[in-house]
Each structure stands twice: as C-alpha cells, then as structure tokens.
Amino acid sequence: PAERASAAVASAAAEPVDKGAAQYGGAGPKAVAALKEALEHKGTPYLWGGSTPETGFDCSGLVQWAYAQQGIRIPRVTDQQILAPNGTEVKRGDLLPGDLVFFRDPSGYVYHVGISLGGDRFLHAPRTGDVVKESSLDEPYYAERFTGSRRFDEASGQGAAATEAAAAPDPAAVEAAQAARARDAEEVKRPNTLTFKALSRQEAIQHSSTVQFMRAIRPEEAAGYRRASVADSAAAALDGPTDYPGDDAAKSQLATWMARKAAEAGLPRELPVMAALVESNLTNIQGGDRDSVGFFQMRLGIWNKGEYAGYPSKPELQLKWFIDTALAVKKQRLARGETGFLTDPSKWGEWVADVERPQENLRYKYALQLQRARQLLGG
C-alpha cells in the first residue's frame with residue numbers, strides 16, 4: 001500500500017547512515033563506486049521486477065543497477081549472481097564495502113542479495129512494502145540464511161582517497177553493462193521468460209520466509225532442513241523413467257531419466273543434466289569435438305573399452321560413466337574432509353567440472369546450467 005511505503009521512506013530517511021559505510025579503504029574502486037550508487041537510493045520503495053531508481057528496486061535489481069554504472073555486468077537474478085564467473089568467493093570475516101552478500105531458503109535456493117558496507121552491515125531492498133535500507137548479518141533472520149558472498153572488483157589494498165581516485169569506469173564497459181541490464185528489464189515484463197519465472201520464485205520465497213519467521217531457528221536446525229530438502233528432491237527424481245527414452249525423446253524426458261539414475265546412486269539429480277546441457281545440449285552426439293561422443297562427450301580413444309565398451313550406441317553406459325566418475329570425485333572430496341558440496345547447489349558446477357575436466361577457463365559453464373536443469377526437471 002502507498003501509505004505503508006511512504007511511512008517506510010520517511011523512516012529510512014530519518015535513519016542515520018552507518019558510520020562504517022564511509023570507510024572504504026582497501027575495497028576495489030568500482031565496488032566502492034557501486035556501493036555509493038546504491039546508497040544514493042536508500043529509502044527508494046521496493047518493487048518486484050524493479051531495476052532503476054525511477055521504478056524502484058527489488059534486491060537483485062538494485063545490485064545489478066549499481067554495478068552496471070561501473071561497467072561490471074552481473075546477472076539479473078540472485079541464484080545466477082552467486083554463480084557468476086566474474087565473482088570471487090569471499091569469507092564473511094573478509095567482507096569489504098561493495099561485496100555482495102547472499103541468502104538462501106532452507107532448500108538451499110539463493111533468493112536474496114545485498115551489498116556489504118564492510119563488516120556485518122549491508123544495504124538491500126528487502127521486500128514488498130519496505131524500502132532500500134541497511135540491515136545486519138547478525139540479525140537472526142539474516143544470520144541463519146546467510147550462504148556466502150562474492151567480490152566483483154578486486155580489493156585495492158589502498159586508502160579511501162586512492163580508491164576513489166581510481167574509480168573512473170570505462171565508458172564502453174558501462175554502455176555494455178547498461179545494455180545488458182536493459183535487456184534483462186525487458187525480459188522481466190514477459191511472463192514466459194526464464195527471468196520472469198526466476199524473479200517470481202525469488203518474490204514468493206521472500207514473502208513466505210518472512211511470514212513464517214516466527215521464531216529463531218538454530219543453525220543446526222536450518223542445516224538439517226536443507227539436507228532433508230535435498231534428499232526429498234532426489235527422492236522425487238525416482239519417479240522418472242527407468243529405461244532410456246530414446247535419442248528422439250524430449251529433453252525433459254532425457255533429463256528425468258538421467259535424474260532418476262543419479263538419485264538412485266545418491267547424487268543430486270541435477271548433476272548429469274548440468275553436464276549434458278553443456279557438453280551436448282542433451283543430445284547423443286555422434287562425432288563431436290575430435291573423437292568425443294555422446295551426451296557427455298566421452299573420448300572414444302579413452303572410454304570405448306572395458307565396462308564402457310560400446311557406449312556410443314548405448315547411452316545407458318554413458319550415464320553409468322558419468323555417475324561412476326561423479327561418485328569417485330565425491331569419495332575423493334570426502335576423504336579430504338570436504339562435505340559442504342553435498343548440500344550446497346552453488347558448488348555443484350565445480351563437482352561436474354571435476355568429472356568432465358574441461359579447460360580451466362571453461363569450468364564455470366556447468367554452474368550456469370543449474371537453473372535450466374531444474375526447469376527441465378519440473379522445478
């Protein structure tokens with residue numbers, strides 16, 4: 001309602017700016033400039049799908065807008081922003097102004113984002129009826145949902161004055177980033193686009209999680225819910241077809257077949273689908289790059305022997321190879337004491353990359369297919 005939004009704007013305008021927000025030393029110059037741009041719009045009403053000061057902002061629209069002003073392209077929706085290849089993972093204790101902080105629901109879906117002010121304070125567009133404002137990672141609601149942070153401009157290691165002096169963006173880069181932002185804004189207006197659907201999911205989770213947050217949930221409880229959700233997701237995949245549906249089957253049928261076999265082996269159902277989308281666009285390719293063949297582009301000279309002999313004409317063996325290799329990677333990681341990748345979807349792209357072993361500069365591509373894999377699997 002307009003009355004509630006107006007009251008929220010007045011409240012935010014009266015709220016003193018956190019003193020830490022002025023301490024930018026050490027942060028990357030473009031990150032500092034992006035944060036300052038966002039701070040200019042403190043008090044702007046939240047609007048689902050909003051991506052400009054004129055319309056208002058939702059959470060991911062705000063950070064995309066702020067960084068586009070500096071010539072840095074960031075995807076439109078939260079679950080892709082955290083996976084963006086030009087972002088670098090940052091530990092909570094190392095947060096600098098301008099870093100992005102992300103929040104997930106109990107299933108592990110990343111649905112909310114803010115811009116760090118350094119330390120525990122961050123700026124964000126929270127929800128319908130609210131405005132762009134500051135909050136703290138120490139607040140129980142955000143503390144239990146915090147799932148990581150990313151840096152899109154390298155730390156300068158210099159003082160605040162030197163950082164500001166280096167902040168001038170490249171005009172061509174700004175133009176390209178703004179053009180990409182504008183295209184995304186148009187996508188939001190069309191109900192059948194992936195961007196519209198993803199933002200709708202963000203909004204639904206933001207609303208439901210706010211309404212349901214009636215008591216503080218201990219971190220160990222939240223982790224338990226997350227594990228259960230992943231397990232439930234895998235169990236749901238067991239409804240997929242048992243037998244290979246054929247080379248001419250719809251991609252959704254091929255995806256659900258792969259998902260069922262992955263779930264039966266104790267793997268996330270999305271894993272083989274993410275791999276096949278990158279390697280073959282979910283097609284049983286015969287004669288790909290060099291002597292690579294099949295859904296996962298397995299090399300004939302290496303794999304067409306032993307237990308995988310005849311795999312070009314037997315997709316069941318192709319999937320067996322992927323599952324066997326993914327399980328071997330899982331075993332190696334667990335032996336090193338790593339466990340977070342099992343229930344953190346943002347790390348599944350790296351898991352697939354360890355199976356497929358592409359060139360180092362191409363490893364990021366698998367993570368970008370998580371949302372598409374889920375859409376093929378019905379959610």
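At 12% relative accessibility, Trp65 counts as buried. This is a predicted model, and the dialogue below starts from that residue.

Q: Is Trp65 buried or exposed, and why?
A: The general idea is a cut-off: buried means under 20% relative accessible area. Trp65 comes out at 12%, so this residue is classed as buried.

Q: Where does Trp65 sit, and which residues does Trp65 touch?
A: Trp65 belongs to helix H3, residues 59-68. Leaving aside residues up to four places away in sequence, its contacts are Glu37, His41, Ser51, Thr52, Pro53, Phe57, Gln178 and Arg181.

Q: Let's move on to helix pairs. At what angle do H10 and H11 pack?
A: Look at the angle and the axis distance together. Helix H10 (residues 251-264) and helix H11 (residues 271-280) meet at about 140°, and their axes are 8 Å apart. Angles over 145 degrees would count as roughly antiparallel; H10 and H11 are therefore oblique to each other.

Q: Which residues make that contact?
A: H10 contributes Ala255, Met258 and Ala262, while H11 contributes Pro272, Val273 and Ala276. By class, the contact of H10 with H11 has six nonpolar residues, no polar and no charged.

Q: How many residues does helix H13 have, and what is its reach?
A: A helix can be checked against its expected span. H13 (residues 315-335) has 21 residues and reaches 30 Å from first C-alpha to last, close to the 30 Å expected at 1.5 Å a residue. After H13 comes Gly337, with a positive phi near 90°.

Q: What do the buried residues of H13 pack against?
A: Their partners are H10, H11, strand S10 (298-299), helix H12 (300-303) and helix H14 (348-356). The buried set includes Leu317, Trp321, Phe322 and Ile323, and also Gln318, Thr325 and Arg333.

Q: What does Phe322 touch?
A: Beyond four places in sequence, Phe322 is in contact with Leu271, Pro272, Ala275, Phe296, Val352, Val355 and Glu356.

Key. Residues numbered from 1 in each chain as written. Predicted model: local features only at pLDDT ≥ 70, side-chain atom pairs only at ≥ 80, totals over all residues. Heavy atoms only, no water. Axes fitted to C-alpha atoms, helices over the stretch in contact; angles between N-to-C directions. Helix = DSSP H or I, 4+ residues; strand = E, 2+ residues; numbered from the N terminus. Parallel < 35°, antiparallel > 145°, perpendicular 65-115°, else oblique. Contact = heavy atoms within 4.5 Å. Nonpolar A, V, L, I, M, F, W, Y, C, P; charged D, E, K, R; others polar. Expected span 1.5 Å × (residues − 1). Buried < 20%, exposed > 50% of the residue type's maximum accessible area, 1.4 Å probe, protein only.
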